[in-house]
Amino acid sequence: MADRSLVETTWDVVVVGGGNAALCAAITAAEKGASVLILEGAPKPYRGGNSRHTRNFRCMHRDPLSVLTEAYEEEEYFRDLLVVTKGKTDEGLARLAIRESEACLPWMEAHGVRFQPSLSGTLSLSRTNAFFLGGGKALVNAYYNTAEDLGVRAVYEAQVVHVGIEDGRFTHVEVELGGETLRIAGKAAVLAAGGFQADIDWLARAWGPSARNFLIRGTPYNRGVVLKDLLDQGAESIGDPTQCHAVAIDGRAPKYDGGIATRIDCVPFSIVVNKDGRRFYDEGEDVWPKRYAIWGRLVAAQPDQMAYAIIDHKSIDLFMPTVFPPEKAETIEGLARRLGLPVPALKQTVEDFNKACREGVFHPTELDGLATEGVAPEKTNWARPLDTPPYYGYLLRPGVTFTYLGLKVDETARVTAPEGVGDGRYANIWAAGEIMAGNVLGEGYLAGFGMTIGTVFGRIAGREAADHVL
């Protein structure tokens, strides 16, 4: 039987979700003196949503800051975002997230998050992204420890199935917990329960039947239950349901929860072919952190949602090691047979590509302009002939981390209500993290920006909710 104190208390702030954004909101609200309840749908070992799969936080800074080198200022950060989103962003909210990120990093450190020294080698992100020591799970554990010290109550395997709203005002949540459906009352709510990517039927309705071939590299507990409940009640939505953060991951990864370890980072140094053995996009368009997130959608558009990255021995040590070893052969023909690709087609594709490569200086960590000539599609950087055996190949599949359809919010993270309700916003409902990321991410993705959105708007939501009730 569930703890009756949950239903006998009217909580100041009820936080729905248990990842980075939820925890930032809970900690901020608790520090202002609010009583806070976290309702996390996952079991305790899997708490933290997609945050436990993350590695880094993209941060603006005017000077070297903690582990970050040099400077990464607002305009450059915003330009990077415009490139990946193709301008599909709310500039005001995007710039708010960027500017506030500078204050977030010291706040994160003050609340138990540790960062590792700047990286080099296969990852050239020391100026823009701060990497968590111990990864996202260490961050999540640090925040839960901090929240516990502040008196925040966290309940696991607590699936919120309905958010009670009367006259534009949040009143309670209905929660499935321990075989019961409980009614838990609160004075304010912060919704941070993620997107809907783990609901394959919903994905298929948005994308079509091909979505059933997608892999969900994020948490299996983000099924969009809270998002759907709010949308069904008329909350204003934002974002295209077919847009999401999807990368190319190892086709041998599990259906759910493979996490960042399943990502394949060799694409800039490879050629990528479909199951017909044909190239279909410029593998060298830009540095990997600015382009890795387009490859999920590119692979999703190929027959059977499959593709193959092919490299030779020269490139095997130029990217992060993979969880599963690649297929390997001494000849292109042998590799094609191991991957199940048509041998003549792959052989011809490689020969055409090799003939199109030109002499030049190869720089693996920067745009080197080493481009092909006379082949379509062109490869605009890092184009070197595949001529040094052994040859390696990876099967790629689309791996979805989170979806962009979400709740529309304002600069205070307050959720937009149906027309005619209140001042156009719910009186006491805020949203943070992936459930509102579509306000800023119209399409595309920038490495580490999900954690920026979650941290910035989580803190704002927690502050605003606490100020409302205290």
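These legends walk you through several close-up views of one predicted model. Local features in this model need pLDDT of at least 70 and side-chain atom pairs count only at pLDDT 80 or more, while totals for chains, interfaces and linings use all residues. Residues are numbered from 1 along each chain as its sequence is written, and side-chain values use heavy atoms, with hydrogens and water left out.

**View 1. The whole chain, to get your bearings.**
The secondary structure comes to twelve helices and 18 strands (DSSP runs numbered from the N terminus: helices are H or I with at least four residues, strands are E with at least two). Along its principal axes, the C-alpha trace spans about 70 × 50 × 40 Å. Buried residues make up 60% of the 470 residues (buried means under 20% relative accessible area, exposed over 50%, partly exposed in between, with a 1.4 Å probe and protein chains only).

**View 2. The largest nonpolar core.**
This core has 120 residues, and Leu 39, Met 108, Val 173, Leu 191, Phe 449 and Phe 457 have the most contacts inside it (a nonpolar core is a set of buried Ala, Val, Leu, Ile, Met, Phe, Trp, Tyr and Cys residues joined through side-chain atoms within 4.5 Å). Helix 12, residues 449-469, gives the most to this core, with ten residues. A second, separate core of 18 residues includes Ile 271, Tyr 308, Ile 310 and Ile 332.

**View 3. The surroundings of Met 108.**
Setting aside neighbours within four places in sequence, Met 108 is in contact with Phe 57, Val 113, Phe 115, Phe 132, Leu 139, Tyr 143 and Thr 455 (contact means heavy atoms within 4.5 Å).

**View 4. Tyr 144 with its partners.**
Tyr 144 and Tyr 156 form a tilted aromatic pair, 6.0 Å centre to centre with 45 degrees between the planes (rings of Phe, Tyr and Trp, the last by its six-membered ring, pair if their centres lie within 6.5 Å; planes under 30 degrees apart count as stacked, over 60 as edge-to-face and the rest as tilted). Tyr 144 belongs to helix 5 (residues 135-149), and Tyr 156 to the loop between strand 5 (153-155) and strand 6 (159-166). Both tyrosines, Tyr 144 and Tyr 156, are buried. The charged end of Arg 47 sits over the ring of Tyr 144, 4.0 Å from its centre (this needs NZ of Lys or CZ of Arg within 6 Å of the ring centre and within 35 degrees of the ring normal).

**View 5. Arg 384 and Phe 362.**
Here, Arg 384 lies over the face of Phe 362, at 3.6 Å from the ring centre.
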